[in-house]
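Student: I would like to learn how to read the pockets and a helix pair in a model. Please take the pockets first.

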Amino acid sequence: MSSVQSVIQTQNLSKNYGNFQALKSLNLDVPANSIVGFLGPNGAGKSTTIKLLLGLTKPTAGSGTIFGMDIVKENQDIRRRVGYLAQNPNFYEHMTARQIMDFTARFFFRGPDNLIRERIDETLRLVGLDDKADRPVRGFSGGERQRLGIAQAQVNYPDLLILDEPAAALDPQGRRDVLEVMDKLRKHSTIFFSTHILDDVQRVSDRVIILNHGELIAQGSVEELLSASLGLNYRMVLKGDASRTQKHLQSFAWVQDVMIGHQNGKTAMTIVVKDEELAERSLLREVLSDENLIVLEFSRNKQNLEEVFLSLVEGES
Ligand code: ADP
């Protein structure tokens, strides 16, 4: 297959449950070989997005691709290359970790028994459960269960791992262990995981996507988005498609990053700049050079993204 740089892309992906809009016009772009934290408070629409990506539910509007394949029409082909850990995975409690892995591996593998056994050993080692392989899952801690779930999700060498809140319900030790396993897996797969905990994102992610009330707030690299020195940034609220202007602005040396989100049908653009004087002189002029864009608001951004995260997550989790 030709190299596809984006693993996940969505265009105006939307989902309604009755009259309720759980996901509003989501435009995602997840590059290959990254760990992406999909951050948002409970009810933001993270699980809904994951279900749409996996073809477990159908979009109300919009579309998406994984490895360039359509999430609705080519769902079966996508699933062959994706590993998935559901929120709160269930196991047969009387079975041992090895028996559970054997069950999963045989479902996916067609090779000889010794290869299956090798793969199971390798996988249990990878998630740090080799010493507990022959104990019933009944006695496993929350963190051990999640690691077993991750082991199952990646037994078939998936190119993309989708993990729904893998660390959220765990104590600090369990969370640390799960995040460590994710970190180890980064060299094998692109990992897309949802969380409502900012700290999880900071610990392991390369990139972050923030969702709130079904809307994209921001996506970009963690350093850029979380940097305390994000400091100098401007915010615009626009009407119209800003993607061309985003690219245009990114070509200037005085621009560090341009992030786009959507709010109530409008586009919110955050422009992080390196040179205030040049930004003051040129920024608005450059944006207005696209005649299709209407600027509704223009301000220096007072909040950095860490503060935005915290105000989103506080009181809702
Ligand atoms: P998150 O994973 O970020 O916690 P969800 O995607 O689970 O958020 O939910 C987003 C919103 O959609 C919530 O308000 C939730 O109550 C609602 N929702 C999710 N699934 C359904 C469903 N099957 N029917 C009706 N509403 C739903």
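Student: Which elements each supply at least two residues of the lining of the largest pocket?

Tutor: A pocket is an open set of points on a 1 Å grid over the protein atoms alone, where a 1.4 Å probe fits, with protein on both sides within 12 Å along at least five of seven lines; lining residues have an atom within 4 Å of a point. Elements are DSSP runs numbered from the N terminus: helices (H or I, at least four residues) and strands (E, at least two). Here the elements are α2 (75-80), β7 (82-85), α3 (97-108) and α5. The most, 5 residues, come from α3.

Tutor: This is a predicted model, where local features need pLDDT of at least 70 and side-chain atom pairs count only at pLDDT 80 or more, while totals for chains, interfaces and linings use all residues. Residues are numbered from 1 along each chain as its sequence is written, and side-chain values use heavy atoms, with hydrogens and water left out.

Student: Which residues lie nearest the centre of the largest pocket?

Tutor: Of its 28 lining residues, Y84, T104, F108, Q152 and A153 do.

Student: At what angle do helix α5 and helix α6 pack?

Tutor: Axes are lines fitted to C-alpha atoms, for helices over the stretch in contact, and angles run from 0 to 180 degrees between N-to-C directions. For α5 (residues 142-153) and α6 (residues 172-185) the angle is about 20°, and the axes are 8 Å apart. The two helices are therefore roughly parallel (angles under 35 degrees).

Student: Which residues of α5 meet α6?

Tutor: G143, Q146, R147 and I150 do, and their partners in α6 include V178 and M182 (contact means heavy atoms within 4.5 Å).

Terms used. Angles under 35 degrees count as roughly parallel, over 145 as roughly antiparallel, 65 to 115 as roughly perpendicular and the rest as oblique.
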